Amino acid sequence: MAGQTLLSLEHLSAHYVSQQGTRVVRAVDDVTISLGAGETLGIVGESGSGKTTLALTMMRLLPPAARIVAGRMMFEGEDLLKKSDEEMRKVRGKRIAMILQDPMASLNPLFSIGNQVAEPIRVHEGAASRTAWQRAIQLLKSVRIASPDTRVSQFPHEMSGGMRQRIVGAIGISCEPRLLIADEPTTSLDLTIQAQYLNLLRDLQREHGLALIFITHNLGIVAKMCDQLAVMYAGRVVEQGPVSRIFNAPTHPYTKALLGSIPRMTDGGERLTAIDGQPPDLSNLPAGCAFAPRCPAVTTRCRVEAPPEFVTEPGRSARCWLAEPMALRSSAA
Amino acid sequence: MASPSPGPTRRGILGFSAAAAMGVLPDTAWAAPDGQLTIASHVSLAPTWFDPAETAGIITPFMMLYALHDAMVKAMPGKPMAPCLAEAWTAAPDELSYAFTLRKGVLFHNGEPVTADDVKFSLERYRGASSKTLKERVAGVDVHDAHRLMIRLNEPWPDFLTFYASATGAGWIVPRKYVQQVGEDGYKRAPVGAGPYKFVSFNPGVELVCEGFEGYWRKPPAIKRLVFKVVPDESTRLAALQRGEIDIAYSIRGELADELTRTPGLAIKAAVGSATFWLYFADQWDAQSPWHDQRVRQAAGLALDHKTINQALTLGHSHLTNSVFPENFDFYWQPPAPVHDPARARKLLAEAGHPRGFDAGDYYCDASYANIGEVVLNNLREVGIRVKLRPLERAAFFKAYAEKKLKNIVQGASGAFGNCATRAEAFVVKGGAYAYGSYPDIDAAFAEQAAETDRAKREAILHRLQQLVHEKAIFAPIWQQAFMSGVGPRVGESGFGLIEGFPYTAPYEDLTLKGKA
Amino acid sequence: MTVITPPDAAIVTVASAPRPAAFWRLKGFPLIPILILVFIALVAIFADVLAPYDPTIGSLARRFRPPFWQEGGSTAYLLGTDHVGRDVLSRLIYGARVSMVVGITAVLVAGGIGTLLGILSGYLGGWADQVVMRLTDTWLALPALTFAIFLAAIVGPSELNIILILGLVYWTRYARVIRGEVLSLKQREFVRLAIVAGCSSRTIMWRHILPNVINSAVVLATLMLGVVIVTEASLSFLGVGVPPPKPAWGLMMADGKKGLLVGYWWLTVFPGVCIMLMVLSANLLGDWLRVKLDPQLRQL
Amino acid sequence: MKQYILRRVGYSLLSLFLLSLTIFLFVRVTGDPVALLTEPGASQEDIEAMHRQFGLDQPLWVQYWHFIASFITGDFGQSFYYRTPVLDLYFQRLPNSLILAAVAMALSLVIGIPSGILAAVRVDGFWDSAGKLFALLGLSLPQFWVGLVLILVFSVSLGWLPSSGSGSFLHILMPAFTLGWYFAAAHMRLTRSSMLEVMGSEYVKLARLKGLPEALVIGKHALKNALIPVITLAGINLVVMINVAVIVETVFAWPGIGRLLYEGVTFRDFPVVQAVVVIGGSMIILVNLLIDILYALIDPRIRLES
């Protein structure tokens with residue numbers, strides 16, 4: 001399904017700089033990712049691994065203390081970093097949309113559902129409020145909300161969590177974006193609603209030819225939904241590639257540990273592999289590979305020198321010395 | 001200036017919204033209408049002052065009485081007892097009755113003639129200050145005809161006319177039929193009198209508007225409209241005067257008065273009322289207290305630098321006196337002039353056993369006159385009498401003063417009308433409302449004069465009484481305060497000081513605007 | 001959320017030095033306000049040594065002397081003399097002491113009562129809460145000034161009464177804020193834990209609730225200091241404040257106000273500036289504290 | 001809904017009862033009104049007569065009963081000083097206080113809210129500090145001083161505005177500004193902290209993610225939520241402005257309720273003081289109820305259940 005590349009991040013880095021400029025947190029460090037139109041990329045990692053910061057960097061909506069310090073963000077052939085604030089604003093919500101984690105808080109309590117769904121349409125397409133309102137009703141129908149024409153004038157507090165998340169989804173796709181970034185969209189939903197929502201997202205993707213980026217720590221969702229997968233640790237992409245290839249033969253020890261910690265029906269009585277130690281402190285990372293302190297296959301080289309990203313197969317790479325022998329060529333370009 | 005908005009009914013108000021109110025405010029024309037005099041009063045005008053029957057025995061109500069009403073006999077320029085509604089009166093030889101003949105052709109504002117029947121009604125309905133004494137001493141009133149009547153007394157009362165004319169409102173005449181028709185409260189809301197000005201409208205605490213009464217017997221008032229505005233803050237009154245928004249500003253004191261004299265077009269008018277101020281040594285009858293010693297009391301009197309205080313606080317307009325009795329009172333005895341001699345004061349204190357002075361505790365005063373207190377404090381300290389100023393809020397001060405709770409030094413004052421006898425009764429003699437103690441010889445003199453019918457003999461006794469008060473240094477008099485007011489450029493005759501001992505503008509019919517008839 | 005800087009500088013190198021912490025910026029550490037407050041405190045403490053004259057003694061001969069730089073003024077009375085001839089500078093110095101004492105004690109009184117009742121009503125709820133809340137409602141209808149005049153009338157104005165009045169009037173604001181804090185604290189886990197662990201409500205209030213409420217109490221205190229000083233000045237204007245001849249800034253302003261119209265501007269401008277500096281500094285300090293200690297503090 | 005109203009009315013009555021009791025006792029402790037209305041020289045009999053006339057000679061609880069009865073029947077009795085029914089006095093002055101409070105509140109919101117928003121949005125910009133300082137100045141300068149300086153500048157020297165009194169719109173400007181400026185700081189501070197909190201919320205983040213212009217994000221989404229607590233504060237302050245503008249009313253000779261209360265207290269005019277305070281108390285309760293209803297209108301989440 002490799003459509004032509006829709007989005008390609010090249011050596012993108014975004015750091016938080018503290019007030020006095022002394023402490024620098026490398027939240028996103030030298031990330032290179034690409035995504036074709038209509039494809040689904042999963043970004044996985046523990047909390048604090050920089051997943052959300054990466055998403056906000058893509059939308060150029062970082063908090064004041066953060067700055068993009070290196071790299072390029074090519075989207076449909078244009079470098080988003082070159083765009084002015086005003087031009088970038090026009091991209092947001094129109095060509096790239098994002099959904100947040102907490103549906104309860106994502107909708108403004110004081111405005112009606114219709115108002116909030118129709119808003120991007122009014123702003124980006126300058127549609128008259130009448131037509132925008134009708135489009136909103138259509139959108140509610142497309143996200144399978146029952147009796148949309150009554151729901152449209154109701155208020156967020158009159159909706160259940162699942163319905164609200166679907167409304168947020170409707171807002172996301174309201175302007176036919178090319179890319180939809182979902183930041184842990186299902187964490188606060190219970191399982192049954194979660195499955196419905198994921199199917200909905202897949203249908204929307206198929207109907208609208210959407211590219212999807214899934215930010216989650218739930219590998220089950222990745223298995224079910226994603227074509228590509230990128231595993232992040234301490235702000236860096238430690239392994240990425242097709243889901244099927246990585247699930248069967250993970251290269252990076254952290255990916256192995258992650259996959260090992262999922263209980264499977266087939267496992268019988270084996271103990272789940274847990275990763276000992278604490279997640280790294282991004283402000284003073286150890287020399288060498290960030291995962292070294294917790295890595296079962298650690299070598300002295302790992303502690304001294306940070307491994308570059310080795311491309312082990314076309315479209316697949318890992319940032320670990322173990323992958324060096326399999327490397328096609330060094331991607332240290 | 002029109003009043004801010006027509007009196008809204010209670011229902012109207014409840015459905016009221018602030019925005020609607022904006023529309024209600026009429027935009028007043030800025031140039032004051034021709035023939036209007038605006039007076040800014042320092043104190044809120046009370047409707048009780050519109051009704052002579054309720055005068056509370058303080059001087060302020062007479063500000064209104066002189067405008068709206070007229071009396072049988074009242075103080076007028078040059079004559080403390082000028083005949084007004086009563087053309088003439090004669091006292092019977094046994095002094096048990098007074099016959100009055102009324103002036104003919106005098107009308108009330110509503111056109112009704114002023115008759116003896118109204119005079120009888122006004123006297124009997126009087127319930128203000130000293131009404132009980134009047135009720136006890138007046139046997140009755142006989143109306144002979146429309147213009148002649150006789151007032152009978154139970155016992156000879158030499159002070160009857162002073163009480164009837166100046167100390168109370170009993171002699172100020174109201175129309176009987178009208179009062180009975182509208183009732184007490186109705187009368188206060190729309191008073192009708194026989195004075196030079198008619199009542200037009202009153203917005204409590206804000207503004208009183210009156211208009212000249214052409215039919216006034218003495219002469220038609222020169223100014224068509226008279227407006228009293230209430231402006232409580234002294235600085236704001238001065239500012240309004242400087243801007244020409246008002247023509248007369250009552251009570252401008254201290255440095256503001258200085259400024260007034262320096263502003264071109266404005267003039268300061270001072271009228272020495274009958275308000276004397278003094279230090280009262282409350283503990284002089286207590287043997288342990290240093291004030292028991294007469295020399296200490298005299299020393300305190302000598303410490304006071306009367307001239308400088310007068311110059312600083314009232315630009316030298318106040319009358320420096322050595323007596324607690326106002327000079328314009330009947331039976332006044334002229335004491336030797338006040339002396340400022342700190343050296344002799346220290347010598348007296350040393351003789352009395354206080355070579356290095358002494359701590360005299362608290363100096364109580366009415367907070368509104370704390371400025372006098374602050375200055376006297378310094379004078380006393382210079383001779384070694386160290387006191388701590390304790391200003392009390394006005395009502396609390398009078399309450400404590402009357403309940404005899406105050407100690408050491410009390411900065412007392414009284415502006416009440418009357419004569420030396422009435423003043424002595426309240427502050428000097430045994431049983432007086434504000435006398436903390438008394439001396440037998442003074443009490444004896446007071447009892448003697450009360451029964452004395454012969455005026456000359458009575459005057460001699462009262463003089464002796466005042467001399468005793470002075471010699472015993474019961475008080476240390478400060479001054480007879482001048483009431484100072486500011487007068488704007490448009491005013492011709494301001495009416496200040498015309499009537500001796502009256503602080504406000506009067507008689508109103510004599511007031512004129514410059515360039516107008 | 002400010003977005004990334006304009007396109008050409010999209011790539012911001014970390015090396016560019018962060019903007020220097022300008023002193024006058026309010027977000028930064030309120031150095032100047034603290035300096036002012038410390039200065040006023042020092043002047044208050046060493047008033048006896050600093051003041052050239054006795055602030056309560058004056059003579060009419062030398063009244064209304066302008067400050068020394070104006071003609072007619074003399075270096076003997078640097079900031080001029082007042083309507084009774086007392087040295088303005090000495091009165092300002094002693095005035096600092098009075099304002100500090102009145103201000104701080106009044107805030108402590110208000111804070112003490114308010115915090116106590118706030119905690120009680122917030123934590124215990126039920127009738128205690130109702131009583132305190134009803135009290136605060138009624139107290140709101142009885143404005144500070146009416147209160148002051150009542151008390152001044154009953155007992156006669158004195159420094160102690162003023163402190164009592166200000167304390168009694170402003171405890172309601174304290175109680176409301178602290179009660180709000182306690183209500184939200186009560187839901188927090190550690191309090192529930194303490195209850196489950198069987199602590200008596202008294203210990204819970206003392207060891208758990210109080211420390212957490214101190215922040216808001218301190219912040220409220222700094223903000224209240226300003227309000228209390230200004231109210232004291234207004235009371236003096238109405239004649240029911242700190243009694244003369246005691247030198248208090250509020251009273252000096254009230255006495256001096258007549259001078260404004262007359263050209264004796266210094267009588268009221270100097271105390272006015274002192275009050276403004278003190279109140280402004282207290283408020284700025286309060287704002288900074290508020291952000292530092294508890295940014296969510298909304299009720300203030 | 002009904003149960004909620006009943007409870008609210010219950011609490012209000014309790015508050016009013018407490019208030020009336022406090023003010024009733026307080027006033028009587030302050031001293032004897034008759035002493036003020038008569039000259040120091042007045043005889044004892046006159047004083048007794050006046051006591052009887054005012055009904056002050058009866059035992060306290062009888063007086064209190066009369067007061068409560070008069071409160072219910074709406075006739076608050078006669079003012080000792082003005083000798084006119086208290087309610088007439090009150091309603092003659094109420095419009096002035098309402099207008100003054102309305103204009104002052106408008107001014108204080110115009111100063112307070114924008115500077116609060118600026119302070120929250122452009123943290124530490126020049127305008128943030130300027131707005132904050134200007135609002136704080138209003139809190140740091142006593143009202144009588146501000147008033148007098150305004151009179152000095154705009155009335156005496158420039159001559160644009162009348163120095164005092166009421167009558168035309170020109171009269172309101174200075175008193176309203178003096179009164180409003182004092183409350184601006186409180187409104188600024190609350191708007192600022194409320195805006196800060198709202199701007200950190202998820203729905204504002206989503207609004208930005210939708211690509212809405214900053215003005216819409218702040219002006220529509222953030223502002224409406226942030227203003228809810230400000231309404232409460234403004235409501236209470238409005239009542240305070242109506243009842244307690246004593247200083248401003250004295251300096252500008254503005255005939256409002258504040259001065260009526262102050263005069264009532266200084267003259268120990270019990271009926272006036274009692275009436276103004278009790279009506280003031282019920283005004284506060286009314287405003288609180290109005291604010292709650294306003295809440296329900298603005299915030300759909302709030303239903304008026306208990």
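This is a predicted model: local features need pLDDT of at least 70, side-chain atom pairs count only at pLDDT 80 or more; totals for chains, interfaces and linings use all residues.
Figure 1. Of the 517 residues of chain B, 54% count as buried, that is, with 20 or more other C-beta atoms within 10 Å of their own, C-beta atoms being placed from the backbone. The C-alpha atoms of chain B occupy a box of roughly 70 × 60 × 45 Å along the principal axes. Residues are numbered from 1 along each chain as its sequence is written, while chains are lettered from A and ligands numbered from 1 in the order in which they are written.

**Figure 2. The largest nonpolar core.** This core, a set of buried Ala, Val, Leu, Ile, Met, Phe, Trp, Tyr and Cys residues joined through C-beta atoms within 7 Å, has 374 residues. Among those with the most contacts inside it are F214(A), M72(B) and M224(C). Helix α5 (residues 86-121) of chain D gives the most to this core, with 20 residues; helices are DSSP runs (H or I, at least four residues), numbered from the N terminus.

**Figure 3. Helix α8 of chain C.** A kink of about 45 degrees lies at L210(C), shortly before the proline P211(C); the bend is the angle between axes fitted to the seven residues ending there and the seven starting there. Just after α8(C), G239(C) takes a positive phi of about 85 degrees.

Note on methods
A residue is buried if 20 or more other C-beta atoms lie within 10 Å of its own, exposed if 12 or fewer, and partly exposed in between; C-beta atoms are placed from the backbone. Helices (H or I, at least four residues) and strands (E, at least two) are DSSP runs, numbered from the N terminus. The expected span of a helix is 1.5 Å times one less than its number of residues.
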